[in-house]
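Let's take a walk through the charged pairs of this model.

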Amino acid sequence: MIYVKFVNLISILMICSYIGYIKAKIFEKRVIELNQFQNALVMFKSKIEFTYEPINSIFADISKVIYLNEENIFYKTINFKEEIYSSWIKAIDETRNNLNKEDKDVIKMFGKMLGKTDISGQVNEICLTQSLVEKQIQKAEEEKNKNMKLYKTMGVVCGMGICIILI
């Protein structure tokens, strides 16, 4: 009987620690996703500046190269057969990611001028978005550094607290 109780307590501690670890990983994944988007903007800028390809083909290339054909905003945008801005907004809302509302607002703002200006206007819009995304990356790094250790520790402490209560 005591062995069963001991195994249950260890299981509770492990589960709570795992939940804390999973919650902490969200902050790390957000930074990774923002960096991927930053890389996609660099690729988009260079392709639109030098190759003059249409936006759909550039988005397909970004999806293949940067995201390795995983679910992403660029892939979903070209799959919706609507106007580019509405497709962009729909893709941002439907793509599963770890971005917060502020990140999504910055990315949505980028889509407003997609395909509506000449090449120099597009490049300026990309540069503006790159600077805004860079600020979001800095904020995400700060949050990651502050909260990762907190959530991991909180998971272990909650697990220990539950175990002590059950003893």
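This is a predicted model: local features need pLDDT of at least 70, side-chain atom pairs count only at pLDDT 80 or more; totals for chains, interfaces and linings use all residues.

Residues are numbered from 1 along each chain as its sequence is written, and side-chain values use heavy atoms, with hydrogens and water left out.

Side chains of opposite charge can pair when their charged atoms come close. Searching the whole structure for salt bridges (a side-chain nitrogen of Lys or Arg within 4 Å of a carboxyl oxygen of Asp or Glu) turns up 11.

One of them links Asp103 to Arg30, with the closest N and O atoms 2.6 Å apart. Asp103 belongs to helix H5 (residues 101–111) and Arg30 to helix H1 (residues 2–50), so this pair ties together parts 73 residues apart in sequence. Helices here are DSSP runs of H or I, at least four residues, numbered from the N terminus. Both Asp103 and Arg30 are buried, which means under 20% relative accessible area; exposed is over 50%, and partly exposed is in between (1.4 Å probe, protein chains only).

Arg30 also meets Glu143 in a salt bridge, at 3.2 Å from N to O. Glu143 lies in helix H6 (residues 119–166), so this pair ties helix H6 to helix H1 across 113 residues of sequence. Arg30 has 5% relative accessibility and so counts as buried, whereas Glu143, at 29%, counts as partly exposed.

Now look within helix H6: Glu141 and Lys144 are three residues apart there, about one helical turn. Their salt bridge has its closest N and O atoms 3.9 Å apart. Glu141 is partly exposed at 28%, and Lys144 is buried at 19%. As for shared partners, salt bridges join Arg30, Asp103 and Glu143 into one network.

Key. Helices (H or I, at least four residues) and strands (E, at least two) are DSSP runs, numbered from the N terminus.
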